[in-house]
Amino acid sequence: MKRILVTGGAGFIGSHLCRKLLENKDEVICVDNLFTGRKQNIQKLMDYENFEFLRHDITKELYIEVDQIYNLACPASPVHYQYNPIKTIKTSVMGAMNMLGLAKRVHARILQASTSEVYGNPQVHPQPEAYWGNVNPIGPRSCYDEGKRAAETLFFDYYRQHQVDIKVIRIFNTYGPNMDRDDGRVVSNFIVQALKGEDITIYGEGEQTRSFCYVDDLVEGMCRMMDSREGFTGPVNLGNPGEYTMLELAQKIIALTNSRSKLAYRPLPQDDPIQRKPMIGLAQEELGWNPEVPLDEGLKKTIAYFKETMA
């Protein structure tokens, strides 16, 4: 049994990760300040005797004995990370420093949940890990994009300077149960609007593309990365390379919900990427990982979750 710390463990992805680790019989300490995480996401996990919840903000130091650390803490949707941009970048940078300091003290392996946003509005498509990105450092999304980029820098500096055992993943668009209905992400936005019969908001012409990875696939990739061979640091892209336009996604969700919603077009937000698709050859080669859940199947499960929570 390993003792594992998950920061941001009450969030959308973190709660699924905590569940998987508990099912693996590990001891899990879930840390969250509940800014965007929610207690209902981990309510059923409280029944596990090897689960512990600690309300804590990782911009402050944490003293605890653990074997592994998954660092997921940070608002991850534009609605949330733009609400308090200074807090967002502090969480990415100071939080990473505090967790890396903890990993150094207790000789724990630590995984950083980075993001495809480090690629910005990419001029290379699809995006390989070697691509350095095209990021606006002073725009409204910069608190998140540059915060995550700085966190990656810190991870590799701690690796080179202090020999901390690091793993870095870059998460592409992920969806599934436990998403916040008001988080502003495209899948939750479209599903909630469709279920309410409201107009579905399309930004620009709806031709911008994204790839959508079901959360169970992502969590499997995260665990494989954590348990990967010593010295393999990443970064590694984790995402589903299936590519869809926003119009295609909206039409799928309308069909799956039998909604009468119409499409409503709005101006494209500043710095919104036009294309986003991962190259996952490194994850396939090093981790033996491939996403398995088709988009329609994952959307059905996510729609069922929202139907239940909105009832």
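In which loop is glutamine 163 found? Glutamine 163 is located in the loop between H5 and S6, where helices (H or I, at least four residues) and strands (E, at least two) are DSSP runs numbered from the N terminus. The model is predicted, so that local features need pLDDT of at least 70 and side-chain atom pairs count only at pLDDT 80 or more, while totals for chains, interfaces and linings use all residues. Residues are numbered from 1 along each chain as its sequence is written, and side-chain values use heavy atoms, with hydrogens and water left out.

An open sheet is formed by 7 strands in the order S3-S2-S1-S4-S5-S6-S11, with parallel pairing; two strands pair if DSSP finds at least two bridges between them. Strand S3 (51–55) and strand S11 (236–238) are at the edges with a single partner strand each, so one side of each lacks a neighbour in the sheet. From one strand to the next, the twist averages 20 degrees. Helix H1 (residues 12–23) packs on the sheet and touches strands including S1 (3–7) and S2 (27–32), contact meaning heavy atoms within 4.5 Å.

The phi of glutamine 163 is near 60 degrees, a positive value in a residue other than glycine. Glutamine 163 is exposed, with a relative accessible area of 61%, whereas asparagine 178 is buried at 16% (buried, under 20% relative accessible area; exposed, over 50%; partly exposed in between; 1.4 Å probe, protein chains only). Asparagine 178 has a phi near 80 degrees and lies in the loop between strand S7 (174–175) and helix H6 (186–196).

Technical notes. Axes fitted to C-alpha atoms, helices over the stretch in contact; angles between N-to-C directions.
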